[in-house]
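Trainee: Before we look at anything in detail, could you show me how to read charged pairs, burial and packing from a set of coordinates?
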Amino acid sequence: NNEGLEGPTDSAKLTVTWAQVTPGVQFAIAFNTNNNTYFFVQWRYGNGALSPLQTVYASPKGYFYSETQIRYFGTGRNIQQMILTFPSSAGGRFIVDNLAYNQGGTG
């Protein structure tokens, strides 16, 4: 499955919940700033536990945007939910592009 999500970064939170747990997720994320920026990602595992909060950095890739790529492949822990948190300093807007995930994991 491929989808794109767009929204403001003004201290916003984006949560994606899968109907079934997934062993793998990958996506690109871009911000409308030409500066280094960051955001936070957290995973909710199939058993309900949360991963530690991870800081992810994005760097300038073009004239008007900064970008990075995220790849999570469970290492034995399938996920139910992805939580992205954006500080107000992350730039005015974000877009999650090429969101891809595997289906059919178990707990």
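This is a predicted model: local features need pLDDT of at least 70, side-chain atom pairs count only at pLDDT 80 or more; totals for chains, interfaces and linings use all residues.

Trainee: How many salt bridges does the structure hold?

Mentor: Side chains of opposite charge can pair when their charged atoms come close. The structure holds one salt bridge, formed by Glu6 with Arg93, whose closest N and O atoms are 3.4 Å apart. This pair links distant parts of the chain, since Glu6 belongs to strand 1 (residues 3-8) and Arg93 to strand 8, 87 residues apart.

Trainee: Is Glu6 buried or exposed?

Mentor: Glu6 has a relative accessibility of 56%, so this residue counts as exposed, whereas Arg93, at 37%, is partly exposed.

Trainee: Which residues have the most contacts inside the largest nonpolar core?

Mentor: They are Val25, Phe27, Ile29, Trp43, Met82, Leu84 and Phe86, in a core of 25 residues. Two or more residues come from each of strand 2 (13-22), strand 3, strand 4, strand 5 (54-60), strand 6 (66-73), strand 7 (79-85) and strand 8 (93-101). For Trp43, with residues up to four places away in sequence left out, the residues touched include Val25, Phe27, Leu50, Ile70, Tyr72 and Met82.

Trainee: Where does Thr33 lie, and why is Thr33 called buried or exposed?

Mentor: Thr33 lies in the loop between strand 3 (24-31) and strand 4 (37-45). Its relative accessible area is 13%, and because buried means under 20%, Thr33 is classed as buried. Beyond its neighbours within four places in sequence, Thr33 is in contact with Phe64, Tyr65, Ser66, Ala90 and Gly91.

Note on methods:
Residues are numbered from 1 along each chain as its sequence is written. Side-chain values use heavy atoms; hydrogens and water are left out. Helices (H or I, at least four residues) and strands (E, at least two) are DSSP runs, numbered from the N terminus. Buried means under 20% relative accessible area, exposed over 50%, partly exposed in between (1.4 Å probe, protein chains only). Contact means heavy atoms within 4.5 Å. A nonpolar core is a set of buried Ala, Val, Leu, Ile, Met, Phe, Trp, Tyr and Cys residues joined through side-chain atoms within 4.5 Å. A salt bridge is a side-chain nitrogen of Lys or Arg within 4 Å of a carboxyl oxygen of Asp or Glu.
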